[in-house]
Amino acid sequence: MSTDPHWLKGVIAVAVGIGITVGSVGVVFISRLLEKKEKLLLKQEVDELNIAILDLQAEFKALKKKIIKPGKRLTLSSSTSVTSEASLYTALGTDDEFHDMSSENEESHNSNPLNENPDGSLSSEHFSDHYTGPSLLSDDIFDQVDQLFEGSDEDKLKAYEILVNLNEERTDDIEVLWRLAKSCQFVSKYYIAAKKNTEKSKAVIDEGVKWAKHALEMYPGNCNAHKWFAICSGARGQLGTTKEKIEGGYIFQNHINEAIKINSRDPTLYYLKGKLEYEVAVLSSFDRRIASWLYGEVPKGTIPEAIELFLKFQRESPIQLKDCHLHLAKCYLAKNEYENAVNWLEKALQLPVKDSEDKETDNEANQLLKKYIKYKKA
C-alpha cells in the first residue's frame, strides 16, 4: 500500500479538517482512504498497460508492413521524404492555428457522419465508398485536411475520417499522427457541444491522447507532438475529477513548455499557455489545497502573465480568436480594469461565429458586457 508523504499529509489534513480525532476512528478513516488510493493507482497502471498494448499492436502492424513492402518510404511532410529512421527525429511539423471545435449545425446532412458502430465506437468503413479527394498516399492530402480543420463541424468530422484511413496507409508518419490527435480533440468537442455525450467525448479524447503519446515516443523532438499531447491531455483532464484536472494541467504545462523550446515561433503556444496561466490564477482555494496535497506544490499562474501571453499571441498570430479576446476581458475584470475588459468583450463579439463554441463564447461575452457596459468610455 502506498504511503506517499505528500498524499498522506493531505489525508491527515482532511481528517483533522472534518473533526476526526486521533484514535481508532481516525485510523480506520485514513486506512480506508489509503485503500482507495491504492485502487486508483491500480486502475491507472491497468490503463497504462492497455495503452502499451495498443502501442505494441501498432508497432507489430508497422513491422508487418515493412516485411511485405521493404522499400516503402515514410513521408514526413510535403517536402521531406526519408528512408532512415534516425533522421525522422529532425522533422518538425507546423500548425499555425488552434481553436476549440464544437457544432454550428447540430443537424448535419448525414445524421451519422462518423458511421458509428452499434456499440457506440467510431467507424470509417463508408469513407472509401464516398471519398473522391486526393490519393491518401499524396502529400496534397495534408493541405486538404488542414483546410477541413478550419471549416464547419462536418468538415472537421471528415478530416477525422480521412486521417483514420490515412493512418492505415502511412503507419507511424508524424504528419499523420499529430493531425490525428488534433482531429480527435475536435471530435471530442463535437460530442460535448453538439451531442451532449460525455462518454463518447471521453472515448475520443482518450484516442487522441494515445496517438499523441505514440507520436512523442517515436518523434520526441517534434513540436506538434508535444503540443497536441498537451492539448489532448488537458482536455481529458477537464472531463474527469478534480484530481484528473490537476494532473492534466501539469501535463499540459510541461509539454507546452517543451513545444515552445522546440518552436518558439508558433503563437498558438503562447495563447494556450496563457489559458493555463489564467485558469491556475483563478483556481479555487479548495482545488489549490488538493493540488498541494497531491503534489506538494500548486502550478504557478498569474493574471499579469496571462495577459502578456495573450497579447503576444495577438501581436504575432495572423488570426484572431474569440476565445482569446474573451480571456483577455476576463483577465482585465480580475484586475478591476473594467474599461479594458469592455473593449475586449466588444472585440470578441465583432468576430464571426463559426460554430457552437463561438456561440457559447458570444453568450458569455454578451452577459459580461451587459454587466460592465457602464464602464465603457464615452
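Helices (H or I, at least four residues) and strands (E, at least two) are DSSP runs, numbered from the N terminus. The views below show a predicted model, in which local features need pLDDT of at least 70, side-chain atom pairs count only at pLDDT 80 or more, and totals for chains, interfaces and linings use all residues. Residues are numbered from 1 along each chain as its sequence is written, and side-chain values use heavy atoms, with hydrogens and water left out.

**Figure 1. Overall view of the protein, with 15 helices and two strands.** Of the 378 residues, 45% count as buried, where buried means under 20% relative accessible area, exposed over 50% and partly exposed in between (1.4 Å probe, protein chains only). The protein exposes about 19600 Å², and carbon and sulfur atoms supply 53% of this area; accessible areas come from the Shrake-Rupley method with a 1.4 Å probe, and for residues only the protein chains shown count as cover. Among contacts (heavy atoms within 4.5 Å) between residues at least 6 apart in sequence, 67% join residues at least 24 apart.

**Figure 2. Loop between helix H12 (303-316) and H13, the place of Ser317.** Ser317 is buried, at a relative accessible area of 8%. Its side chain reaches the backbone nitrogen of Ile319 at 3.1 Å. This pair is listed under polar contacts, defined as pairs of N or O atoms within 3.5 Å; within protein, one must be able to donate a hydrogen and the other to accept it, and residues adjacent in sequence count only if both atoms are side-chain atoms.

Figure 3. The relative accessible area of Cys184 is 0%, and the residue is buried. Leaving aside residues up to four places away in sequence, Cys184 touches Tyr160, Val204, Ile205, Glu207, Gly208 and Trp211. Glu207 is 23 residues from Cys184 along the chain, yet their C-alpha atoms are separated by 6.8 Å.

**Figure 4. Cysteine sulfurs in a structure with zero disulfides.** A disulfide is a pair of cysteine sulfur atoms within 2.5 Å. For Cys232 the closest cysteine sulfur, in Cys184, is 6.7 Å away, too far for a bond. For Cys324 the closest is in Cys331, at 9.1 Å, and that distance is likewise too far for a bond. Cys232 is buried at a relative accessible area of 0%, and Cys324 is buried at 0%.

Figure 5. Over residues 322-355 the chain is 76% helix and 0% strand, and the end C-alpha atoms are 11 Å apart.

**Figure 6. Helix H15 (residues 356-372) and its packing partners.** H15 has 17 residues and reaches 24 Å from its first C-alpha to its last, close to the 24 Å expected at 1.5 Å a residue; the expected span is 1.5 Å times one less than the number of residues. Its buried residues include Asp358, Thr361, Leu368, Leu369 and Tyr372. The buried residues of H15 pack against helix H6 (174-193), helix H13 (322-334) and helix H14 (338-350).

**Figure 7. Positive phi values at Asp172 and Asn336.** Most residues other than glycine have a negative phi. Asp172, in the loop between helix H5 (153-169) and H6, has a positive phi of about 70 degrees. Asp172 counts as buried, at 9% relative accessibility. Asn336 lies in the loop between H13 and H14, and its phi is near 65 degrees.
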